[in-house]
Amino acid sequence: IIDYNNNFRLYMTTKMRNPHYLPETAVKVSLLNFMITVEGLEAQLLDMVVYKEKPSLQEDKNALILQGAENKRQLKEIEEK
């Protein structure tokens, strides 16, 4: 087991306009997109409100994202056979 500090934060930046991360990664991190649009701000704000008001909904959303990624992987495997 590796000891770590709960206050540890890792910040990464990229010059890519729209980086794509695997769903398994996206649900475990906070992604900030500095290309501000009204729709983007609304989505981020809604996510924050849902997380504060009903964390179980956020957990369900994350589980559905992971399940969707797993289903896509399985479909790809089946199609390749």
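Me: What makes Gln58 count as buried?
Reply: The model is a predicted one. In it, Gln58 has a relative accessibility of 14%. Buried means under 20%, so Gln58 counts as buried. This residue is found in helix H3.

Me: Which residues does Gln58 touch, leaving aside those up to four places away in sequence?
Reply: Gln58 touches Asp47, Val50 and Tyr51. A contact requires heavy atoms within 4.5 Å. Asp47, Val50 and Tyr51 belong to H2 and are part of its meeting with H3.

Me: Which other residues take part where H2 meets H3?
Reply: On the H2 side there are also Lys52 and Glu53. On the H3 side, Pro55, Leu57 and Lys61 take part along with Gln58. The residues of this contact divide into 4 nonpolar, 1 polar and 4 charged.

Me: How do you know that the span of H2 is close to the expected one?
Reply: Helix H2 comprises residues 38-53, which is 16 residues. From its first C-alpha to its last it reaches 22 Å, and 22 Å is expected at 1.5 Å a residue.

Me: What makes H2 hardly covered?
Reply: The count of buried residues among the 16 residues of H2 is 0.

Me: Why is Lys28 described as exposed?
Reply: Exposed means over 50% relative accessible area. Lys28 has 70%, so it is exposed. Its place is in the loop between H1 and H2. Lys28 and Asn62 are 34 residues apart in sequence, and their C-alpha atoms are 8.7 Å apart in space.

Me: Is Met12 buried or exposed?
Reply: Met12 has a relative accessible area of 69%, so it is exposed, the cut-off being over 50%. Met12 lies in the segment before H1. Its C-alpha atom is separated by 16 Å from that of Val27, 15 residues apart along the chain.

Me: Where in the chain is confidence lowest, and where is it highest?
Reply: Confidence is lowest in helix H1 (residues 23-26), at a mean of 80, and highest in helix H3 (residues 55-80), at 90. The chain has a mean pLDDT of 84, with 98% of its residues at 70 or more.

Note on methods: Residues are numbered from 1 along each chain as its sequence is written. This is a predicted model: local features need pLDDT of at least 70, side-chain atom pairs count only at pLDDT 80 or more; totals for chains, interfaces and linings use all residues. Side-chain values use heavy atoms; hydrogens and water are left out. Helices (H or I, at least four residues) and strands (E, at least two) are DSSP runs, numbered from the N terminus. The expected span of a helix is 1.5 Å times one less than its number of residues. Buried means under 20% relative accessible area, exposed over 50%, partly exposed in between (1.4 Å probe, protein chains only). pLDDT is the predictor's confidence in each residue, from 0 to 100. Ala, Val, Leu, Ile, Met, Phe, Trp, Tyr, Cys and Pro count as nonpolar, Asp, Glu, Lys and Arg as charged, and the others, Gly among them, as polar.
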